[in-house]
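Keep the model open beside them and look up each residue as you go.

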Amino acid sequence: MDSFETGGLAVVVGSSGGIGSALAHRLAQEDCFARVIGYGRSTQPKLDLLDEVSIGHAAAHIASFGLPLRLVVDTTGFLHGDGFRPEKALSAIDPAHMAHAFAINAIGPALLMKHFLPLMAKDGKAVFATLSAKVGSISDNRLGGWYSYRAAKAALNQLVRTAAIELARSRPQSICVALHPGTVDTGLSAGFAASGLERRTPDAAARLLLQVIDTATPERSGHFMDYRGDALPW
């Protein structure tokens, strides 16, 4: 991570998940960060995307270190679970499922940006990256289905784009991006990855994502990119 000034903080939200834990491990090996902090529902303090108070407490915890916040990677996401599965047809849409998908995939990351972006370092490179998904691309949608997940990730992309515009006014060297990690062997994609897609381990995904983050410049703030750094269509 040669593009970051040394001595700052790196934060991973969802650090107990497959990609999150791999990112936290890799970041801990980097000399440029004085400390790497992981947050989730089982950490102290805990961070629950469904509870804005807990997000505020995590933000206060970050501020207490007195170090510049250089990197935040949000690895949270919801595709299936709690009795919900991706919808194959309009007839399968369930309002509770859709509300939960938006709460985790769009509203939660928006609250992270609300509380964490004001803490980002005012000078030098700082990055807020959240994991989106290629299926959130509207113009790339040719298969249909997965209504809640697609719509929530499309909303997330718009939130990132909008937040990046505001962030640039006060922190022109900071970067806010949405990243597609590809198909990764984690619980989120288990049972729903299309056959023929390239699959990678969480560690391999973490390595590629960090390369994109390391090479990102302010000109790419507000962009939607994949694990190679290529722009994805909105």
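1. Strand E1 and strand E3 run parallel and are joined by five bridges. One place to look is Leu9, which stands opposite Leu69 in E3. Two strands are said to pair if DSSP finds at least two bridges between them, and helices (H or I, at least four residues) and strands (E, at least two) are DSSP runs, numbered from the N terminus.

2. A word on the source before we go on. This is a predicted model, in which local features need pLDDT of at least 70 and side-chain atom pairs count only at pLDDT 80 or more, while totals for chains, interfaces and linings use all residues. Residues are numbered from 1 along each chain as its sequence is written, and side-chain values use heavy atoms, with hydrogens and water left out.

3. Now turn to the other partner of E1. Strand E1 covers residues 8-13 and is joined to E2 by six bridges, again in parallel. Here you can find Gly8 opposite Phe33 in E2. With helix H1 (residues 18-28) between them, E1 and E2 make a right-handed β-α-β unit. Right-handed means that, with the strands pointing away from the viewer, the path from the first strand over the helix to the second runs clockwise.

4. Step back to see the whole sheet. In what order do its six strands lie? The order is E2-E1-E3-E4-E5-E8, in an open sheet with parallel pairing. Strand E2 (33-39) and strand E8 (224-226) are at the edges with a single partner strand each, so one side of each has no neighbour in the sheet. From one strand to the next, the twist averages 20 degrees.

5. Two helices deserve a look against this sheet. Helix H4 (residues 147-170) packs on it, touching strand E4 (126-131), strand E5 (174-180) and E8, and its direction makes about 165 degrees with that of E5. Helix H5 (residues 202-215) lies across strand E3 (69-74), E4, E5 and E8, running at about 150 degrees to E5. Contact here means heavy atoms within 4.5 Å; axes are lines fitted to C-alpha atoms, for helices over the stretch in contact, and angles run from 0 to 180 degrees between N-to-C directions.

6. Is E1 buried or exposed? Six of its six residues are buried. On one side sit Gly8, Ala10 and Val12, on the other Leu9, Val11 and Val13, and both faces are covered. Buried means under 20% relative accessible area, exposed over 50%, and partly exposed in between (1.4 Å probe, protein chains only). In a regular strand the side chains alternate between the two faces of the sheet.

7. Leaving aside neighbours within four places in sequence, Phe116 is in contact with residues including Val11, Val13, Leu47 and Leu69.

8. Val53 counts as exposed because its relative accessibility is 53%.

9. Finally, look at the charged pairs. How many salt bridges does the structure hold? There are seven, each being a side-chain nitrogen of Lys or Arg within 4 Å of a carboxyl oxygen of Asp or Glu. One joins the side chains of Glu5 and Arg70 (3.3 Å, N to O); Glu5 is in the segment before E1 and Arg70 in strand E3, 65 residues apart. Glu5 is partly exposed at 43% relative accessibility, whereas Arg70 is buried at 6%. Another joins Lys114 and Glu52 (2.7 Å, N to O). Lys114 belongs to helix H3 and Glu52 to helix H2, so this pair ties together parts 62 residues apart in sequence. Asp226, Arg228 and Asp230 are linked in a network of salt bridges.
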